[in-house]
Amino acid sequence: IKQKKRHMGDTKHFCPVSLKEDFVLYPGLQENGAKYKEKIYYFSTSDNRDKFLNNPEEYVAHNEPLQAPPLRVCLLGIHGAGKTTCAREITDKLGIFHIQFEEYLQELILPKTKRKVGPPYDEDHEDDNKIPEELEDLSQTITKTETEKTEQEVELTDEEQAIKANLTNNTELPPEVLDKIVPDWWNKEPFRSTGFILDGFPRTSDEASYLSERGLCPDVAIYIQVEEGDILNRLFPPRLKKWKEKRLKKKEYKKKLKELKAKKRV
């Protein structure tokens, strides 16, 4: 039996309430369908259907077609897969924002930590605050009051502590912290009307569930899969270069230390 063609509403099979309130194209479900002015609308939830039926004119097009949201992409992959490189090229071509999630977290706590935190950066600063025994009598640069002042500057809030733990130990960020960061990229300007590539988020199934539960839907999620050998070839040379530079600095430091000892004896 030939079925009669359905006349879909302005948003077709996407939920008009999600588009209006959250500015996302959220697929509607047939079981949450409703008819208005001889057109069929599908909704993501029964609550959204009820909202529409209470005030349908709020969610349909009038003089102009409804505006579709901009492109929003989640770019995923393991460390060294080339996410950031790909994201930069795509954002340059499409004119959308590039949000590198880990770098964004670093910027949130950088005013207090004064430097980036986490395993890649801790290696560079592991000896920053240690005064060698040989220089204890020579070094007079750090006073007690200066040390206390530094400790006050790095006192972090609970939210900042959670961010630091995430960067340092890969501890998952609680939803209340994510609520202060992630929704703005969907709901506030200039991201809301321009679009973005979110580089490195979500990283876990819990973070993916977080986006779903709050209706923060990307238009597409891209996972970059790379062979381990390719990642090794990409990451090992710069790491080796950094190690050689560190060894050279240590050699120069020992030379200066020897000169200071000689001056002290004189």
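These are my notebook entries on a predicted model.

**Sheet**

I began with the strands. I found an open sheet of 4 strands, in the order E4-E5-E3-E6, with parallel pairing. Strand E4 (97-100) and strand E6 (220-223) are the edge strands, and each pairs on one side only. Neighbouring strands are turned by 20 degrees against each other on average, direction ignored.

I then took one pairing in detail. Strand E3 (residues 72-76) runs parallel to strand E5 (residues 196-199), and 4 bridges join them. Which residue of E5 is the bridge partner of Leu75? I noted Asp199.

**Cores**

I listed the nonpolar cores. The largest has 23 residues. Which of these touch the most other members? Phe101, Val182, Trp185, Trp186 and Leu198 do. I traced where the core residues come from. At least two are supplied by each of helix H4 (101-113), helix H7 (158-169), helix H8 (175-178), H9, E5 and helix H11 (205-213).

As background, nonpolar side chains in soluble globular proteins tend to be buried together.

**Aromatic pairs**

My search of the whole structure gave 9 aromatic pairs. I wrote down two.

Tyr41 sits in strand E2 (residues 39-43) and Phe52 in helix H2 (residues 46-54), 11 residues apart. Are Tyr41 and Phe52 buried or exposed? I found both buried.

The ring centres of Trp186 and Phe196 lie 5.0 Å apart. The planes are at 80 degrees, so this pair is edge-to-face. Trp186 belongs to helix H9 (residues 183-187) and Phe196 to strand E5, 10 residues apart. Trp186 is buried at 0% relative accessibility. Phe196 is buried too, with a relative accessible area of 0%.

Tyr36, Tyr41, Phe43, Phe52 and Tyr59 form one.

**Backbone**

I looked for backbone exceptions. Most residues other than glycine have a negative phi, and most peptide bonds are trans.

I found a cis peptide bond between Glu189 and Pro190, with omega about 5 degrees. Pro190 lies in the loop between H9 and helix H10 (191-194). The bond from Phe201 to Pro202 is also cis, with omega near 0 degrees. Where does Pro202 lie? I placed Pro202 in the loop between E5 and H11.

Lys114 is not a glycine, yet its phi is positive, at about 70 degrees. Lys114 lies in the loop between H4 and helix H5 (119-125). I noted Lys114 as exposed, at 56% relative accessibility. Asn170 also has a positive phi, near 60 degrees. I placed Asn170 in the loop between H7 and H8. Asn170 is exposed, with a relative accessible area of 59%.

**Salt bridges**

How many salt bridges does a search of the whole structure find? I got 12.

Lys51 and Glu21 meet in one, at 3.1 Å from N to O. Lys51 lies in helix H2 and Glu21 in helix H1 (residues 16-22), so the pair ties together parts 30 residues apart in sequence. Lys51 is partly exposed at 37% relative accessibility. Glu21 is partly exposed at 38%.

Lys35 bridges to Glu38, with the closest N and O atoms 3.5 Å apart. I noted Lys35 as exposed at 53% and Glu38 as exposed at 60%.

For Glu57 and Lys37, the closest N and O atoms are 3.4 Å apart. Glu57 is in the loop between H2 and E3, and Lys37 in the loop between strand E1 (29-36) and E2, so this pair ties together parts 20 residues apart in sequence. Glu57 is partly exposed at 31%. Lys37 is exposed at 60%.

My last entry is a network: salt bridges link Asp179, Glu213 and Arg214.

Notes
Residues are numbered from 1 along each chain as its sequence is written. Side-chain values use heavy atoms; hydrogens and water are left out. Two strands pair if DSSP finds at least two bridges between them. Axes are lines fitted to C-alpha atoms, for helices over the stretch in contact, and angles run from 0 to 180 degrees between N-to-C directions. Rings of Phe, Tyr and Trp (its six-membered ring) pair if their centres lie within 6.5 Å; planes under 30 degrees apart count as stacked, over 60 as edge-to-face and the rest as tilted. Buried means under 20% relative accessible area, exposed over 50%, partly exposed in between (1.4 Å probe, protein chains only). A nonpolar core is a set of buried Ala, Val, Leu, Ile, Met, Phe, Trp, Tyr and Cys residues joined through side-chain atoms within 4.5 Å. A salt bridge is a side-chain nitrogen of Lys or Arg within 4 Å of a carboxyl oxygen of Asp or Glu.
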